[in-house]
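Here's a quick, friendly tour of one protein model. Have a look at the sequence and the structure first, then work through the points below.

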Amino acid sequence: MARRATTALAVALALAAGLTLTALPERSEAVPAPALLSTASWREQLGAPAGTPEQDAAWLAAGTVPGAGGPWEDVVRRSLLDLRSLTAANGAVAAGPAAKWRYAWPRDSAFAAVALSATGHRAEALRVLGFLAGVQHDDGGFEARYLLDGSGTPDGRGRQADGAGWALWALERVVADAPTRAQARAELRPLRGLLEGATRYALAATDGGTALPEPSSDYWERREAELTLGTVAPLLAGLRASAALHPLLGQRSAARRLGAAADTVEELLHERFAPTGYLRYADPGVQTGGVDAAVAFLLPPFAREVPAAPVLAAFDAYQVRALRPAGGLAPGAGWKRDGISWTPEVALVALAAAASGRQAQAARWLDWLAAHRTGWGSLPEKVLADGAPAGPAPLGWTAASVVLAVAALDAPGTAGDAP
């Protein structure tokens with residue numbers, strides 16, 4: 001039955017993208033997955049408070065639950081409570097409860113902050129941004145991940161250039177949620193160092209907004225010798241966010257300069273990646289990556305507007321070429337053929353589709369995520385070829401993206417479906 005459902009999904013996506021099913025990966029053997037954590041044990045291992053049903057209900061009631069009364073209300077409620085438990089008092093957001101995930105990634109933290117803010121939990125969101133400000137390097141950049149007490153990194157893993165972009169994107173989104181402009185300014189002032197430092201880093205990485213950055217690790221979290229879309233797109237989003245924030249500080253000329261820098265970087269991005277069909281790598285001679293989930297970073301809510309047709313075609317192509325046996329997605333078409341679907345990428349696609357007016361596409365992936373949760377309702381990191389949830393559960397990045405995707409569908413003006 002799982003295979004029949006996957007085939008139906010593949011056909012729908014292929015028709016939408018104008019592709020054939022020859023692009024689909026073949027079924028492959030799944031690798032053994034780490035044991036899932038039980039609903040009781042994961043909070044104990046993380047040291048998070050269990051929370052009584054009354055406390056959970058009160059916390060949810062203090063904000064909003066996107067999708068209330070609809071098919072995804074339960075998954076959103078569970079995701080919000082999981083984000084609450086993954087977020088420490090100092091603002092550190094654990095990626096997941098298992099040992100290898102019990103660190104704070106700037107990217108995951110950024111998405112968590114935006115999700116918490118969008119649902120009315122602004123104090124928690126600001127604490128997450130405060131944690132990022134506290135661990136930020138003097139040059140404005142970030143390590144790939146941090147210990148939850150903020151004391152440093154767990155190992156010698158190299159830095160990732162995308163962290164500054166994600167921090168700026170999250171900061172702008174959270175500040176934009178403030179009910180008044182005066183409150184927005186007041187909340188931005190303590191985080192001015194985060195803004196200025198990350199902006200300085202993004203400008204340095206792009207030679208003042210005149211060049212694309214050097215190769216760096218991105219969300220695939222491996223060393224890269226070639227420039228990836230997953231590095232460029234978050235930095236572009238960060239420059240746009242910084243340009244939007246500077247007027248709150250009375251710095252309109254700086255905002256114009258940053259907007260111009262973002263325009264140039266965006267032009268260079270399209271110049272380099274359009275000839276490849278927006279594949280993972282800018283170099284057309286590098287064919288190992290294929291189209292990957294980073295193309296979603298070129299759509300709202302990371303971009304100002306829905307992009308042109310070639311980007312949307314690549315977005316649709318990714319959903320076909322990275323399809324896996326259980327019906328989810330791998331990080332990219334060139335990802336290893338181990339049969340595993342990755343929920344962060346599925347949720348990311350749902351978010352970008354929802355924010356771009358593609359309601360049916362977003363709903364399809366949200367339904368898939370809701371159907372592949374753990375027995376207690378949390379979203380896992382992975383789904384095996386047979387449809388079983390695997391890896392650590394919950395996963396903060398997935399939970400945050402699902403909350404934001406449903407919130408985007410709830411937003412005014414999302415009726416209908418974009419092509």
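Helix α7 gives the most to the lining of the largest cavity, with three residues. Keep in mind that you're looking at a predicted model. The chain has 419 residues, and buried ones make up 59% of them. Let's take the topics one by one.

**The whole chain**

- Running through the chain you'll find 15 helices and three strands.
- Take the contacts between residues at least 6 apart in sequence: 67% of these join residues at least 24 apart.
- On confidence, the pLDDT averages 90 over the chain, and 87% of the residues score at least 70.
- Residues 1-33 are a stretch to handle with care, with pLDDT below 50, although the model gives this stretch 61 contacts beyond near neighbours in sequence.

**The cavity**

- How many cavities of 30 Å³ or more does the structure hold? There's one, and the volume of the largest cavity is about 50 Å³.
- Two elements, α5 (106-118) and α7 (162-176), are the ones that give two or more residues to its lining.
- The lining is made up of Trp105, Pro106, Arg107, Glu143, Ala144, Gln160, Asp162, Gly163 and Trp166.
- Sorted by type, these lining residues come out as four nonpolar, two polar and three charged.

- Glu221 belongs to the loop between α9 and α10.
- Is Glu221 buried or partly exposed? Its relative accessible area is 27%, so Glu221 counts as partly exposed.
- Setting aside neighbours within four places in sequence, Glu221 is in contact with Trp105, Arg107, Arg157 and Gln160. Trp105, Arg107 and Gln160 also turn up in the lining of the largest cavity.
- The side chain of Glu221 makes a polar contact of 3.0 Å with the side chain of Trp105.
- Another polar contact of 3.0 Å links the side chains of Glu221 and Arg157.
- Glu221 and Arg159 sit 62 residues apart in sequence, yet their C-alpha atoms are 9.9 Å apart in space.

**Two buried histidines**

- His246 sits in the loop between α10 (229-245) and α11 (252-273).
- Why does His246 count as buried? Its relative accessibility is 6%, and buried means under 20%.
- The side chain of His246 reaches the backbone oxygen of Ser242 at 2.9 Å.
- Beyond neighbours within four places in sequence, His246 has contacts with Leu195, Thr199, Gln251, Ala254, Ala255 and Leu258.
- His372 is in the loop between α14 (359-371) and β2 (382-383).
- With a relative accessible area of 13%, His372 is buried too.
- For His372, a polar atom of the side chain lies 2.7 Å from the backbone oxygen of Trp368.
- Leaving out residues up to four places away in sequence, His372 touches Ala326, Pro380, Val383, Gly387 and Pro389.

**Ala205 in helix α9**

- Ala205 is part of helix α9 (residues 192-205), and with 22% relative accessibility it counts as partly exposed.
- Once neighbours within four places in sequence are set aside, Ala205 is in contact with Leu212, Pro213, Glu214 and Leu235.
- Ala205 and Leu235 are 30 residues apart in sequence, while their C-alpha atoms are 8.6 Å apart.

- Pro300 and Pro301 are joined by a cis peptide bond, with omega about 10°. Pro301 is in the loop between α11 and α12 (309-321).
- The peptide bond from Ala393 to Pro394 is cis as well, with omega near 5°. You'll find Pro394 in the loop between β3 (389-390) and α15 (396-410).
- Asp207 isn't a glycine but has a positive phi, near 55°. Asp207 lies in the loop between α9 and α10, and its 55% relative accessibility makes it exposed.
- Tyr278, not a glycine either, has a positive phi of about 60°. Tyr278 is in the loop between α11 and α12, and with 5% relative accessibility it counts as buried.

Note on methods: Residues numbered from 1 in each chain as written. Predicted model: local features only at pLDDT ≥ 70, side-chain atom pairs only at ≥ 80, totals over all residues. Heavy atoms only, no water. 1 Å grid on protein atoms, 1.4 Å probe; cavity = no way out; pocket = protein on both sides within 12 Å on 5 of 7 lines; lining within 4 Å. Points joined across faces, edges and corners; volume = space filled by probe spheres on them. Helix = DSSP H or I, 4+ residues; strand = E, 2+ residues; numbered from the N terminus. Nonpolar A, V, L, I, M, F, W, Y, C, P; charged D, E, K, R; others polar. pLDDT = per-residue confidence, 0-100. Contact = heavy atoms within 4.5 Å. Buried < 20%, exposed > 50% of the residue type's maximum accessible area, 1.4 Å probe, protein only. Polar contact = N/O pair within 3.5 Å; in protein donor to acceptor, adjacent residues only side chain to side chain.
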